[in-house]
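Have the viewer open as you read.

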Amino acid sequence: MGARTGESRTSRRVFIVLRRLAVAEARKRPGRVIVTVVMIALGAGALSTALVVGASVRSAVEEGLVVQYDGIDIVDNAGLSTTQDAIGTGGGGTGISRNDVTEITALPGVEATGSVFNTVAVAQVGDLTRGVTLSSLNSNPDFVWQDWSEGRAPTASNEIGLTPYTLDQLGIRLGDQVAIGRPSTGAGLVRVVGVIDTHGSREQDSSAFGVVTEQVVRNLSGLDAPNEVMIATVPGTDLDALISDINRVAPTGLPQTTEDILNADRGVALTQINAMEAVVTALAAVSCLVAAITSATTAGASLASRRRSWALLRCVGGSRRQVAGLVTGESLLLGLLGGIIGVVVGLGLARATFPV
């Protein structure tokens, strides 16, 4: 029993000596400690930033894709040309007749429908002109996805709501006037009464887009009927069979399930995201590699300079296991400290990157 107590006391004394030696070495060569911690922090920061930004972008893209189709199962689109030539000719698509919309609404499995008038026009402020897609609010309030970060929805023919991107492109703000028109119809001044909150919509966040009254779209496009109809179905409805019925009673439009539309958009978005993630991950990998090489070099230099100290420790009773434990403990402590700092910095960088 006494022998075990003596061994325990010796082990504690050796541990105290080892700890003091480690602290003394750190004070003697603080540059090595700082370089090791900084390089590990850089690697951990780059990796955590890449992972968080990648996951956040994917989540944001997914939410932005579905926002326009919340509660909608099928979209019947009669077509809208958005080329500059179409702006000059005045065509806005053929439209889906009111009778066809009534026929669609009466089909078995259809729970609700809503229609929208869409067109393209020219927005002009001074000498600055931009092509802009214009939509009326959905005839079914349950299908209106736009919200207003400032102002309100337009209610008169001389009012318009624009996205923040469009306002930036035109150099105007809420309350300013902008000329909207076509070469074939002329232009008229409208006042910006609302700033559209697009909820991260992939389609509208980075394109010129505005909301006007139905009559304004009809006057610009010459449409007498809506060119887009949204359809909500009864749960359990066979969507493929319903699309066949829609084509039969209303052959003008091109009905598609929202899932098909979203899958096509996801394919384009994911290609861009994967390319971005590949670049970011490669940069993170390079940072981690540099951190590993620097840490290994610093650790090697530290080992070479401390051989005499460890030899003396062995002479006063320190075992190989205790000396190895000291080296391992120092490395783990520095790695943990650098990793924590790197993750915190990485999360901060990721948060700062979100708006971009």
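**Salt bridges and a buried threonine**

Asp245 and Arg248 join their side chains in a salt bridge, with N and O 3.6 Å apart; the term stands for a side-chain nitrogen of Lys or Arg within 4 Å of a carboxyl oxygen of Asp or Glu. This is a predicted model, in which local features need pLDDT of at least 70 and side-chain atom pairs count only at pLDDT 80 or more, while totals for chains, interfaces and linings use all residues. Residues are numbered from 1 along each chain as its sequence is written, and side-chain values use heavy atoms, leaving out hydrogens and water.

**The pair in helix H7**

- Both Asp245 and Arg248 sit in helix H7 (residues 239–249), three residues apart, or about one turn of the helix; helices (H or I, at least four residues) and strands (E, at least two) are DSSP runs, numbered from the N terminus.
- Asp245 is partly exposed at 24% relative accessibility, whereas Arg248 is exposed at 57%; buried means under 20% relative accessible area, exposed over 50%, and partly exposed in between (1.4 Å probe, protein chains only).

- Arg98 pairs with Glu214 in a salt bridge whose closest N and O atoms are 3.4 Å apart.
- This pair links distant parts of the chain, with Arg98 in helix H4 (residues 98–105) and Glu214 in helix H6 (residues 214–221), 116 residues apart.
- Glu214 also meets Arg218 in a salt bridge, at 3.4 Å from N to O, and these two residues both lie in helix H6, four residues apart, about one turn of the helix.
- How exposed are the partners? Arg98 is partly exposed, with a relative accessible area of 41%; Glu214 is partly exposed at 32%, and Arg218 is partly exposed at 24%.
- The count by this rule comes to four salt bridges.

**Thr113 in strand E2**

- Thr113 belongs to strand E2 (residues 110–116) and is buried, with a relative accessible area of 17%.
- Its side chain makes a polar contact with the side chain of Thr105 at 2.9 Å; such a contact is a pair of N or O atoms within 3.5 Å, where within protein one must be able to donate a hydrogen and the other to accept it, and residues adjacent in sequence count only if both atoms are side-chain atoms.
- Not counting residues up to four places away in sequence, Thr113 touches Val101, Ile104, Thr105, Asn140, Phe143, Val229, Met230 and Ile231, contact meaning heavy atoms within 4.5 Å.
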